[in-house]
Amino acid sequence: MVGVKLLGSWYSLFTKRVEWALKIKGVKYEFIEEDLQNKSPLLIQSNPIHKKVPVLIHNGKHICESMVIVEYIDETFEGLSILPEDPYDRAIARFWAKFLDDKWPAMIKSIFFKGEEQEKAKEEVYEMLKVLDNEFKDKKFFVGDNFGFADIVANAVALWLGVFEEAFGVVLVTSEKFPNFCAWRDEYYTQNKKYLPSRDELISHYQTYIEAVAASK
C-alpha cells in the first residue's frame, strides 16, 4: 500500500511543483486526478478551508499549499536536498519563491482581465520580468549553482505564463524586451521536460476551455 497520495490536476502548476519534489526525492506516490469542476469528497475533506489542489496525504495526514508541501517533502524524505543547507541561502530561496508566488495574481489578471485592471496587472508583470531579466544575466539558478526550491516555484513564469499568452492571445514577453529571461526560460523548459507537462498539451487544454466558455454564452 502506498503511504503517499497526491490529489491534484495534471494541468495545475501548483500540483506539478509537488510532483517535481516527490520525483527529486524518489518518493513513490499515488496520483489522484481531481475534476476541479466537480471536486471530490476526499478533496473537500482533505482541504476544507480552500478546497483546492494540491493536497499531499502522507500516512493519513493532509498537507496543503504547494510551497508548504514542497518544504514538507524536503524535510521528511531522504534524497537530494531541495532547499539549500546554508541558512542564508535557504532564506534567499524562500525570498525568491515568495516573490514569484506573489506575482501570480498579476499574471492571471494580465491575461484574463480587461480594461484598466488588466493594464495595471501588465505593468506589475513587466516590473517582475525586468527584475528576472536582470537576475538571469549571468546565472542559471536563483540560488548558487544548483536547481532548487525557488526554481521549482518558477514553473509559473517559465512555462505557464507563456502557455497562457499563446492560448489567450496576449503578448507580455518578447526576446527584444527581456532577452536574458527568454534565454533562461528556454533552457529551463529544455532541461526539465521530464518534470513538466507538454507545452502543446497545456495550450490545447486552455484553448478547449476558451471554446467551451464561448459556446456557453
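This is a predicted model: local features need pLDDT of at least 70, side-chain atom pairs count only at pLDDT 80 or more; totals for chains, interfaces and linings use all residues.
Me: Where does Asp101 lie?

Reply: Asp101 is in helix H4, which covers residues 87–102.

Me: And how far is Asp101 from Val153, in sequence and in space?

Reply: They are 52 residues apart in sequence. In space the gap is 7.3 Å, C-alpha to C-alpha.

Me: Is Asp101 buried or exposed, or in between?

Reply: Asp101 has 23% relative accessibility, so it counts as partly exposed. The cut-off for buried is under 20%.

Me: OK, zoom out. Which domains does the chain have?

Reply: The domain assignment gives domain 1 (4–76) and domain 2 (87–212).

Me: How many residues does each domain put into the contact?

Reply: Domain 1 puts in 13 residues and domain 2 puts in 21 residues.

Me: How far apart are the domain centres?

Reply: The centres of domain 1 and domain 2 are 22 Å apart, taken over C-alpha atoms.

Me: Which helices each supply at least two residues of the lining?

Reply: Helix H1 (13–25), helix H3 (66–76), helix H5 (104–112), helix H8 (155–168) and helix H10 (199–216).

Me: And what does the lining draw from each domain?

Reply: At least three residues come from each of domain 1 (4–76) and domain 2 (87–212).

Me: New topic: the largest nonpolar core. How many residues are in it?

Reply: The largest nonpolar core has 63 residues. Leu132, Phe142, Val157, Trp160, Phe181 and Trp184 have the most contacts inside it.

Me: Which helix gives the most to this core?

Reply: H8 does, with nine residues.

Me: Where does this core lie relative to the domains?

Reply: Domain 1 (4–76) and domain 2 (87–212) both give residues to this core, so it lies between them.

Me: Pick out Phe142. What is it in contact with, beyond four places in sequence?

Reply: Phe142 is in contact with Trp96, Leu100, Leu132, Phe136, Ala150, Asp151, Ala154 and Trp184, once neighbours within four places are left aside.

Me: What is in the second, separate core?

Reply: That core has five residues, including Leu43, Val53, Val55 and Ile57.

Me: Back to Val53, then. What kind of peptide bond joins Val53 and Pro54?

Reply: A cis one, with omega about 5 degrees. Most peptide bonds are trans.

Me: Where is Pro54?

Reply: Pro54 is in the loop between helix H2 (41–46) and strand S3 (55–58). Lys51 has its place in the loop between H2 and S3 too.

Me: What is the phi of Lys51?

Reply: Lys51 has a positive phi of about 55 degrees, although it is not a glycine. Most residues other than glycine have a negative phi. Lys51 counts as partly exposed, at 33% relative accessibility.

Me: What about the phi of Glu65?

Reply: Glu65 also has a positive phi, about 75 degrees, and is not a glycine. Glu65 sits in the loop between strand S4 (61–64) and H3. Its relative accessibility is 41%, so Glu65 counts as partly exposed.

Me: On to Ser66. Is it buried or exposed?

Reply: Ser66 is buried, with a relative accessible area of 5%. It is found in helix H3. Neighbours within four places aside, Ser66 is in contact with Phe14, Arg17, Val18 and Pro54.

Me: Last one: Ala156. Where is it found?

Reply: Ala156 is in helix H8. It counts as buried, at 4% relative accessibility. Setting aside neighbours within four places, Ala156 is in contact with Leu13, Arg17, Trp104 and Leu161.

Methods: Residues are numbered from 1 along each chain as its sequence is written. Side-chain values use heavy atoms; hydrogens and water are left out. Helices (H or I, at least four residues) and strands (E, at least two) are DSSP runs, numbered from the N terminus. Domain bounds come from an automatic or database domain assignment. Buried means under 20% relative accessible area, exposed over 50%, partly exposed in between (1.4 Å probe, protein chains only). A nonpolar core is a set of buried Ala, Val, Leu, Ile, Met, Phe, Trp, Tyr and Cys residues joined through side-chain atoms within 4.5 Å. Contact means heavy atoms within 4.5 Å.
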